[in-house]
Protein chains: 2
Amino acid sequence: MKFCSNCGSQVTQRIPEGDSRPRYICDDCNIVHYQNPNIIAGCLPVWGDKVLLCRRAIEPRYGFWTLPAGFMENGETVAEGAARETWEEAEADVRELTLYTVFNIPYINQVYMLHRAHLVDGKFGIGVESLECQLFDEADIPWDELAFPSVKRTLRYYFEDRQRGEFPLHIDDLRPPVKS
Amino acid sequence: MKFCSNCGSQVTQRIPEGDSRPRYICDDCNIVHYQNPNIIAGCLPVWGDKVLLCRRAIEPRYGFWTLPAGFMENGETVAEGAARETWEEAEADVRELTLYTVFNIPYINQVYMLHRAHLVDGKFGIGVESLECQLFDEADIPWDELAFPSVKRTLRYYFEDRQRGEFPLHIDDLRPPVKS
Ligand SMILES: [Zn+2]
Ligand SMILES: [Zn+2]
């Protein structure tokens with residue numbers, strides 16, 4: 001952020017009085033422009049023994065498999081955002097959404113909130129951000145071609161929990177990948 | 001938003017190609033300025049049979065009782081944000097945070113994420129945003145002087161769940177208050 005979104009003046013970065021963090025401040029408007037984490041809402045759509053994955057048609061991780069998920073929008077609930085993203089990425093209608101995994105990713109200021117969901121009639125298409133969508137049995141999951149750690153962990157939890165017949169909420173903190 | 005935070009030019013509001021919602025767009029930078037919901041992270045600090053409430057020294061709801069909670073910051077996890085807010089508002093150290101209530105409040109673009117938490121040594125002070133902080137037994141909760149519906153619901157759930165000895169995650173959608 002370089003300019004005030006309210007008046008167009010240049011902002012400066014400093015710690016406001018009574019605060020403890022540097023913020024972007026407009027001295028013309030006397031406005032502090034806060035920047036806060038975003039929620040990524042998504043689903044693990046389930047149909048019988050199979051789960052629905054989408055192959056990404058966009059960067060990052062073009063060509064890798066993911067769960068339908070994206071930025072939660074103003075004016076919706078987390079579950080509404082998750083269902084909307086599932087429609088947009090897989091043209092799939094989901095019901096009975098249950099919050100299942102929460103991933104804090106503080107180094108990119110994101111919180112993933114993924115839901116187990118029933119894929120209505122097992123039907124789906126291919127959204128514009130996907131190259132293809134496909135139902136997978138556990139044995140066929142492309143483990144080495146998954147787009148994100150959040151996707152891999154959610155799938156691992158799901159197949160483990162399914163064996164036990166219990167699906168507790170999982171909350172994990174993800175740290176930056178170590179560059180090799 | 002009136003001006004581009006990147007270049008200071010005026011933004012226009014329209015639906016970008018391939019999108020379905022109006023966004024603020026800078027035609028000089030070709031940047032779409034997205035606006036997304038915020039997470040409010042907080043705690044229900046518990047000490048024995050008592051819970052800790054704070055009386056607000058700030059608007060909105062000056063003078064009403066609340067649970068310590070506030071905007072999650074970049075670079076932290078939801079639980080870290082909840083613990084930080086509890087320190088800031090009540091000078092209270094909390095441990096063993098468990099996500100307990102999630103409130104979608106789509107009409108103000110907020111998601112509350114409140115945690116049951118152990119109040120270390122039962123100790124607390126008074127943060128700068130609080131007029132006073134106090135431990136309450138269930139019988140003494142000031143039900144008619146609570147600041148927000150999210151606070152009232154969390155307390156109601158807690159005392160009900162405590163009777164049963166089970167504390168499941170509660171997820172609710174809050175709608176705008178009806179003006180009388
Ligand atoms: Zn300004
Ligand atoms: Zn611009």
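**View 1. Cys26(B) sits buried beside a zinc ion in this predicted model.**
Cys26(B) has 0% relative accessibility, so Cys26(B) counts as buried. The cut-off for buried is under 20% relative accessible area. Compare Cys29(B): at 25% relative accessibility, Cys29(B) counts as partly exposed. Both cysteines hold the zinc ion (ligand 2) through their SG atoms.

**View 2. Four cysteines of chain B coordinate the zinc ion (ligand 2).**
Which residues supply the donors? They are Cys4(B), Cys7(B), Cys26(B) and Cys29(B), each through SG. The distances run from 2.2 to 2.3 Å. The angles among the four donor atoms are 100 to 114°, and the site is tetrahedral. Along the chain, these donors are spaced C-x2-C-x18-C-x2-C.

**View 3. The zinc ion (ligand 1) is coordinated by cysteines of chain A.**
Here the donors are the SG atoms of Cys4(A), Cys7(A), Cys26(A) and Cys29(A). They lie 2.2 to 2.3 Å from the zinc ion (ligand 1). Why is the arrangement tetrahedral? The four donor atoms subtend angles of 100 to 114°. To count as tetrahedral, four donors need all angles between 85 and 135 degrees. The spacing along the chain reads C-x2-C-x18-C-x2-C.

Look at Cys4(A). Now turn to Cys7(A). Partly exposed covers values between the buried limit of 20% and the exposed limit of 50%.

**View 4. Chain B meets chain A across an interface.**
How much area do the two chains bury between them? The value is about 3100 Å². Carbon and sulfur atoms account for 51% of it. Polar contacts link 16 residue pairs across this interface, counting pairs with both residues at pLDDT 80 or more.

**View 5. Glu73(A) and Arg21(B) form a salt bridge.**
The closest N and O atoms of this pair are 3.8 Å apart. How many salt bridges are found across the interface of chain B and chain A? There are six.

**View 6. Chain A is divided into two domains.**
Domain 1 spans residues 1-35, and domain 2 spans residues 38-173. Taken over C-alpha atoms, the centres of these two domains of chain A are 36 Å apart.

How values were computed: Residues are numbered from 1 along each chain as its sequence is written. Chains are lettered from A and ligands numbered from 1 in the order in which they are written. This is a predicted model: local features need pLDDT of at least 70, side-chain atom pairs count only at pLDDT 80 or more; totals for chains, interfaces and linings use all residues. Side-chain values use heavy atoms; hydrogens and water are left out. Domain bounds come from an automatic or database domain assignment. Donors are N, O and S atoms within 2.8 Å of the metal (3.2 Å for Na, K and Ca); water is not among the atoms, so sites may look incomplete. Four donors count as tetrahedral if all angles lie between 85 and 135 degrees; four count as square planar and six as octahedral if opposite donors are over 155 degrees apart and all others between 65 and 115; anything else is irregular. Buried means under 20% relative accessible area, exposed over 50%, partly exposed in between (1.4 Å probe, protein chains only). Contact means heavy atoms within 4.5 Å. Buried area is the accessible area (1.4 Å probe) that two parts lose on being put together, summed over both. A salt bridge is a side-chain nitrogen of Lys or Arg within 4 Å of a carboxyl oxygen of Asp or Glu. A polar contact is a pair of N or O atoms within 3.5 Å; within protein, one must be able to donate a hydrogen and the other to accept it, and residues adjacent in sequence count only if both atoms are side-chain atoms.
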